[in-house]
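Trainee: Before we turn to details, could we go through this model together, one question at a time?

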Amino acid sequence: MKDPTLDFLYLIAIVLFVVGLKGLSHPESARRGNLLAAAGMILGIIITLFYPFGNTPNNYAWIASGAVVGGVIGYLAAIKVKMTKMPEMVSIFNGFGGACTMLIAITEFKTLPPGTEFMSGQVLTIIFSLFIGSVAFSGSFVAYGKLDGFLRDSIKLPVPQLFNGILLLGIIVLSGYIMSMDELNYTYVLILLLLSILYGITFVLPIGGGDMPVVISLLNSFTGLGAAGAGLIYGNQVMIVGGILVGASGTFLTVLMCEAMNRSLINVIIGGLGATTLSSDSDREKVYREATHGDTAILLKYSQKVMIVPGYGLAVAQAQHACQDLESMLEKEGVQVFYGIHPVAGRMPGHMNVLLAEADVPYEKLLEMDDSNSELPTTDVVLVIGANDVVNPAAKEDEGSPIYGMPIIDVEMAKNVIIMKRSMRTGYAGIDNPLFYGEKSKMLFGDAKDSLNKLKAEITNA
Amino acid sequence: MDAILNFISENIVMIYILVLAIFLGMEVISKVPTVLHTPLMSGANAVSGVVIIGAIWLIRNAEPDNYFVLVIGFFGIAMATINVIGGFAVTNRMLEMFKKKKKN
């Protein structure tokens, strides 16, 4: 049964998605864009709730209870989550979206009317949704585990590419077999489900933890494709367009993220970084010098220009507020303070901007990488707080380094470099950093928040 | 093979929409500043929760005694709702922080 008015309203929901996503890609309109997309979603849901399918049982009580349970959990999670845990949150949300696609596909198999021709586009679409939804589901949770740290990069498959290749081939063959059956044997569908879930796990597992944001973005586009597949099953335009929009823009965003790291998507998926070899030889001597809080405080206080280069360590230590305090103290002493933000600082591109915004750091003080690099020759002190790979000179000097070619904030152009770090351990990419042994560098060990508070005290006393 | 060709001809409009939407999706987010990568990913993630429409469709058409479909549909709706509500709420929270600062 068709209802022209409601079908037209569906179109409005689609337009809201498009305008919303468009808005989200520009700073001034981002918030409005998000709200417009949300409005489109609400509209789409309401239409579907009341669309006259004919004489259907509706089962509204089941729908309402599911929506209440999910709504409460989702809302509480969204308002409680710490900003530093944002990548983890997005990956969990995405996993649930994928799981829903997976469940729909399983059910669709079960409810196919008897005598359905299996060699059909309909069944192919269901299989596609089942596969892609399952991969998005299990992959997202593995990505979450890696970000959270309970799944270590050291958990490795012996030959991941070969294993995944065979697994994928197995899934294709099994799908073909299911489609060639005369009568549905549900056991094969369940095997397909398990293999697809397994594939999601083994697809993400070999990829290094540092690349998880890229993986999440990719899995997000998978969820979109899955939703579009489900839309094709039901002939629902909102699901098709919404899903494909996410699929296409998600893939595009994934590529942009890879570009920010000067890597290719293939390189990320094959797991180029991971926990591969510790750095190749560097011609610098591996002797580092340690700074004290007192020295550093005086150095900062009597500088003209200071640049803070924050990394994920700052976020982990929840030190963004202490950092902002230090900045305003220095400003009162007449020191010019900037933040040099690398595009992939933090755990996701743009993550550091969100964290510093939360600590009320003015927007003008955040310099992008290129602007940072042009300020550096006139900068007296660079304070590297919990960042490592984004300031690693190996990226431009050492051709053997896995991060060779990645653009960095070249802090060695400044007069002094103070590196605040917990220990000499390597960064997320698992490679040594010759910066630590440089002539201009001094290490200031300790938890970022503690160290910043000590610096504040020393500056007051100095 | 015939069945697949039939499927294509029956759904040709849907397939047109699908292909055009791919181009639309890529156009719509070109030139995003890095600052917005995280919120955009999170917002797009919320939109992918549109699969909830499928779950609603599924439950509405299920027989009231078909508990297999109802229970799976229930979980489907719950999970998709987490994706949708959580996704939009968390994106809004992130973007609010940028807005707050502009006043200063």
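Trainee: How many bridges join β4(A) to strand β5 of chain A?

Mentor: Since this is a predicted model, local features need pLDDT of at least 70 and side-chain atom pairs count only at pLDDT 80 or more, while totals for chains, interfaces and linings use all residues. Residues are numbered from 1 along each chain as its sequence is written, chains are lettered from A and ligands numbered from 1 in the order in which they are written, and side-chain values use heavy atoms, with hydrogens and water left out. Strands are DSSP runs of E with at least two residues, and helices are runs of H or I with at least four, numbered from the N terminus; two strands pair if DSSP finds at least two bridges between them. β4(A) and β5 (residues 416–421) of chain A run parallel, and the number of bridges that join them is five.

Trainee: How many of the five residues of strand β4 of chain A are buried?

Mentor: Buried means under 20% relative accessible area, exposed over 50%, and partly exposed in between, with a 1.4 Å probe and protein chains only. In a regular strand the side chains alternate between the two faces of the sheet. Here A:V381, A:L383 and A:I385 lie on one side and A:V382 and A:V384 on the other, and both faces are covered. For strand β4 (residues 381–385), the count of buried residues is therefore five of five.

Trainee: Is A:N58, with its positive phi, buried or exposed?

Mentor: A:N58 has a positive phi of about 70° although it is not a glycine, and it lies in the loop between α2 (30–50) and α3 (60–80) of chain A. Because its relative accessibility is 17%, A:N58 counts as buried.

Trainee: What is the relative accessible area of A:Q318?

Mentor: A:Q318 also is not a glycine and has a positive phi, of about 55°, in the loop between α12 (312–316) and α13 (320–332) of chain A. A:Q318 is partly exposed, because its relative accessible area is 28%.

Trainee: Which residue of chain B is in contact with B:H37, leaving aside neighbours within four places in sequence?

Mentor: B:H37 lies in helix α3 (residues 37–47) of chain B and counts as buried, because its relative accessibility is 4%. With contact taken as heavy atoms within 4.5 Å, B:H37 touches A:L253, A:L256, A:M257 and A:P349, and, in chain B, B:V32.

Trainee: What area do chain A and chain B bury between them?

Mentor: The contact takes 112 residues from chain A and 85 residues from chain B. Buried area is the accessible area (1.4 Å probe) that two parts lose on being put together, summed over both. With 78% of it on carbon and sulfur atoms, the area comes to about 8800 Å².

Trainee: Which residue of chain A meets B:E96 in a salt bridge?

Mentor: A salt bridge is a side-chain nitrogen of Lys or Arg within 4 Å of a carboxyl oxygen of Asp or Glu, and across the interface of chain A and chain B the rule finds one. At 3.1 Å, N to O, the partner of B:E96 is A:R31.
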